[in-house]
Amino acid sequence: MHAIQYPPELLTRICSHIYAASLPPANPSLDPLIITEHGIPTSFPSSLPPANWSEPMTRRTLKNLCLVNHDWYEAAKPWLWRNLEVRLPRGWLSLVEELAWNYDEETVDQVMEKTVKAAAETAAKSAARGDRDDAETAKSLRESILESLNMPDESISPDLLSPMASREPSPRRFRHKSKSPARWELVRSISDAIQNVMERRDPAVYVPTPQDPRPGRFVRHLDFNHFRTIGMRRSVEEGVNSRFVTGNRVEAVLKEMPNLITFGATEYMDGALTYSVLNELFLRGAPSRGRGRSSRGRSLVDICDTEEEDKERRRQCRDLEAVDLTGCVSAVFVNALTDFVTFHIIIPEPTEGDDFSRRGRPEEPMTFPGLQRLGLRGVKSILPHILSPFVLAFPSLTHLDLSGTRATPELLTELGRSPTVRLKSLALARCVRLTGESIREFLVESRVASQITELNLYGDLTFPSPISEEDLKVIVTEAPCFVKGELVYLDLSSSPMSRDILRACPPQRSLRSLGLSYIADLGINDISDFLETKASNVEILTLLNTSPELSCGMRTGDALPIATATSTRQSCIALHSAIIRPLCCPPFSFSLSTSNPAPKHAPTRLRVIELSTAMLAGLALAPTDGKQFGGAGSNLVRDLSVGHPLRMELDKLSEANGNVSSGVGWHARKMEIIRGYGMLGREDGLYGAVSFAYLG
């Protein structure tokens, strides 16, 4: 019995749906992903059943499909290679071996010869006629392909051979002027040449595209979020002199990824972000396009200059859409970015006799219109005169994270003048050089900030918010992002929030996650009134070291700034009486007329509160529905029976006593850049630790 043959398009569509099953919905749940089988979600956001598959489950499914037969292998392979997450050093070396081209083992001439020969044979079979020999047709096609490629004729003249009568002229050989081209570039040029030849010979014949065994062309996403070398028992000398992730390896891999659109780096490999790697990342696509000759068919020949050759190759690549450089602070990266900005973006003032130093530089500052999301959180070593022009070189930004950088008021001023940037998510947490006036002018007067739906102005006791009470009131009452009422994430921790400002704030019906930590003088009743009347859809609330009623006797100025049993108990009672009971519990109802009255809903959707350690300890000792998850806060299990699956899963997290993965937490402080989910996105690995585990 023969297996049923399905159309390739159908198999590809099935694999695409499997891949899409791992992507969170546009309106994601704010809870950690619970990987259990509980049916199919009926609406979003959904915490249980989970709204999407986990990434390992999707990868395992696609891998199993590759083992079914050749058709399923061809359909699932592009989706299996679409996202690459580097985790272990040995896995990275295997990835380099699979993707990068080792020119010592397989030369450019060998690859070209095999590819052209295989393509000619395939084309000859497609155009086969009963009265013609396939071998002769393939040979003729091969010669035509060489002519279409404009290959140089390097056959040796018979006059130079000895003895003349016993030797035949040597065949035409492949010689490529570039010593290190990309494999996909060769295959694409050969494919174009075949199409040109067949269009002239027999336009009605279909010729399949030559097969490229390397999967680099399928890769869309590459990040090192999970990469670690800790625990490998390597000496300090080995860590310095025998690195796994080097600049040459990263550059070689990037060359073989023409369709890469997202890239993520971390502090564990930022020593590999050299000047050449930054060129491969940012100069692909539109920055390398412009005036000049067409790149079609020219990547094989007529290129003598290495720089021009690289530019020709990058023109055929897709533009990057997202780059996350969280925590990259090494000297190698800082020097490389400084050189990159100095050479490509900053145009020096012309001086007499300086023609030689300006040779090769662009005449105008280079821009990168394809990149939409940029994450620079914790990139503290980049000086302002480099950071500012670098950020301003991206005219299409929608997501920007500058938390913990040396961003200056001048940067916000210049960014606010951009006619093309329209931010949707902005993070300026712990930016010590910014002023309250610059933030106010940017949010209130600039059209760049008019469409913001996620705003992170987090500050703490170490780096408090620079915004004054007057500036904050103007921002809350006049900034378009506040007036429209479309904010879904807002963090104003350590800002001078007061009762008057909360009452003046427009209603925020779309707000789901609110940060009000480190505001010692803000009354808890004022917070409760704001949530009930103006922000009833808030699900996550942070009150770390906020409100005198929740100080547990540790507030500065108290008689004894020590958390005692009495003071902690009083704070817990205040929390229950002002927040939990009135906002999280349905109102009491009693009826004599009906035996089963319709249940009433709670006034708000509040269910997760982040509190201080002393408050969490007090809640853990009290009989309550609150669950403690290490530093994540207190999760209120609302109206769930003891045996409810969601309550059981949350109980497991509570029993872990803080020993949970880095992806468990609420109210992220790091913007999710790679996939574009912003401040409501969920990450694990090092990015997850920055989002949920670090207080800063």
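The largest pocket is lined by 47 residues, and those nearest its centre are L33, N52, E55, R682 and D684. The volume of this pocket is about 1,100 Å³. A pocket here is an open set of points on a 1 Å grid over the protein atoms alone, where a 1.4 Å probe fits, with protein on both sides within 12 Å along at least five of seven lines; lining residues have an atom within 4 Å of a point. The volume is the space filled by probe spheres set on the points, which are joined across faces, edges and corners.

The model is predicted: local features need pLDDT of at least 70, side-chain atom pairs count only at pLDDT 80 or more, and totals for chains, interfaces and linings use all residues. Residues are numbered from 1 along each chain as its sequence is written, and side-chain values use heavy atoms, with hydrogens and water left out.

Two or more lining residues of the largest pocket come from each of α2 (55-66), α3 (70-80), β1 (83-85) and α23 (685-693). Of the elements, α2 gives the most, with 5 residues. Helices (H or I, at least four residues) and strands (E, at least two) are DSSP runs numbered from the N terminus. By type, the lining divides into 21 nonpolar, 15 polar and 11 charged residues. Nonpolar covers Ala, Val, Leu, Ile, Met, Phe, Trp, Tyr, Cys and Pro, charged covers Asp, Glu, Lys and Arg, and polar covers the others, Gly among them.

On the surface, I4, Y6, L10 and I14 form a nonpolar patch with about 380 Å² of accessible area together. Patch members have over 30% relative accessible area and no salt bridge, and nonpolar side chains (Val, Leu, Ile, Met, Phe, Trp, Tyr) are joined within 5 Å. A salt bridge is a side-chain nitrogen of Lys or Arg within 4 Å of a carboxyl oxygen of Asp or Glu. Areas come from the Shrake-Rupley method with a 1.4 Å probe. I4 is found in the segment before α1 (8-20), and I4 counts as exposed (over 50% relative accessible area) because its relative accessibility is 61%.

The backbone has a cis peptide bond from L48 to P49, with omega near 0 degrees. P49 is in the loop between α1 and α2. Two residues other than glycine with positive phi are tabulated below; buried means under 20% relative accessible area.

Definitions and conventions:
Patches are made of residues with over 30% relative accessible area and no salt bridge: like charges are joined within 9 Å, nonpolar side chains (Val, Leu, Ile, Met, Phe, Trp, Tyr) within 5 Å. Buried means under 20% relative accessible area, exposed over 50%, partly exposed in between (1.4 Å probe, protein chains only).
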